[in-house]
Amino acid sequence: MTAYLRPTDDAHAIALRAAHADYLVLAGGTDLLVAAHHKPVPVGILDIAGRFAGITVDAAGARIGAGTSWRAIATSAELAATWPILPAAAREVGALQIQTRGTIGGNLATSSPVGDGLPVLLALDATIHLASVRGARTVPYHQFCTGYRTTALGADELITAVTVPRPAPGTYLGWRKVGTRAAQSISKVMAACALEIVDGRIATARFGVGAVAARPIRAAAAEAAATGQPPTAAVAAAVAAALRHDITPIDDVRSTAAYRLEVAGNLLARFVTNAGRTQG
Amino acid sequence: MTAPLTITVNGQPRTVAASPWRRLLDVLREDLGLTGTKEGCGEGECGACTVLLDGAPVCSCLVVAGQADGRAVTTVEGLADGPLLHAVQRELVARGGAQCGICTPGIAVCAAAVVDAGACKGGDARAQVRELLAGNICRCTGYQLIVDAIVAAAADVERGQP
């Protein structure tokens, strides 16, 4: 029978991970347990639900424990005050039943190209905190996803937290998920942005996009097209055009490559023009 | 061998000799005979299998038995207090907020949790129902009477009417 381990505290979880690298690490299970009864039975399960949970905010930024549920993020007034796109994205993860169980660390670990929480973390320049019995380390989130559902997470490591810095003053934050309906349906396209406006120009641009490549990615060419430019309609069009060099959308049951390319470009263009309007 | 699991179901501690990998949905329906909880999609999309795990609405098809060990589960069979229906159940009956009935237990359980938590009141009550119940899909009714019932139940609970 499948062994089942539930650690007594966070340090215990890390020790058990080292001792049982072949076990399935299970947090909320909202991704890993889809059709579980049709999947191979794991040798063992390391149940880390409730571990590494909680949100703390200080002068440097926010620290979100990996085991924090999407519901806790969706309803955090502290996050909403400074990083409104985080609760906004959290409210669009599945629906209440999924948000209750699903965790930010789980979204990071399964690293689906359509993970709803992930483009926002790219835009916010998040850092991923990892721990093992060998010690703790951090990885910038834009280097964490290494390919289709692969990450920099080591076999003996657990994700412990995500940190996001405070955005610079004058930063426009945007988030938009496009799918068949707001709840539950897997996204066709997602995009998030952080555009720091200084003296009427985009000093720093970060665009995170999802469902348009094998992994959630930063749109480097689009960012280059925006950087140093004023947030005008012409620049917005240039950003949308540049995005074609960043993404590799596919045809699948949910959408087409052509639709995704068009809509992703439109979303980024709208972010730029919205940022311009915000600056008034 | 793994030790048997103990799950408090509708207030009663129940011991189950199930694999920790067995879906909570199957434990409830097949091992404990609580067939009020329905399986719709089996993928966490439809909400028909919604139960409360330590008070929070979850899809029981996406929870395995090991995760419920030592925890409290409420199913649709546990919503009523003896012969006294939960306000959500009473209003669903009174307003015809059901048709074929497969989605109804999940809707009743999810709605009871959000109404008991104080949601679905005020000027945007209907919008709150639409967001909080977005994970419960009904293919028959068009939702209007379900939303009516949940808004009415939230008002009942606010008035202290059980």
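Two exercises with worked solutions follow.

The model is predicted, so that local features need pLDDT of at least 70 and side-chain atom pairs count only at pLDDT 80 or more, while totals for chains, interfaces and linings use all residues. Residues are numbered from 1 along each chain as its sequence is written, and chains are lettered from A and ligands numbered from 1 in the order in which they are written.

**Exercise 1.** Determine the strand order and the edge strands of the five-strand open sheet in chain A.

*Solution.*
1. Strands are DSSP runs (E, at least two residues), and helices are runs of H or I with at least four residues, numbered from the N terminus.
2. Two strands pair if DSSP finds at least two bridges between them.
3. The order is S4-S5-S10-S6-S7 in chain A, with antiparallel pairing.
4. Strand S4 (55-57) and strand S7 (135-140) of chain A each pair on one side only, and are thus the edge strands.
5. Three bridges link S4(A) to the antiparallel strand S5 (residues 61-65) of chain A; the partner of A:Thr56 in S5(A) is A:Arg63.

**Exercise 2.** Describe the contact between the two domains of chain B.

*Solution.*
1. An automatic or database assignment sets domain bounds; for chain B they are domain 1 (5-78) and domain 2 (87-158).
2. The domain centres, taken over C-alpha atoms, are separated by 21 Å.
3. Residues are in contact if their C-beta atoms, placed from the backbone, lie within 7 Å.
4. Domain 1 of chain B contributes 16 residues and domain 2 of chain B 11 residues.
5. On the domain 1 side, strand S3 (residues 50-53) of chain B gives the most, with three residues.
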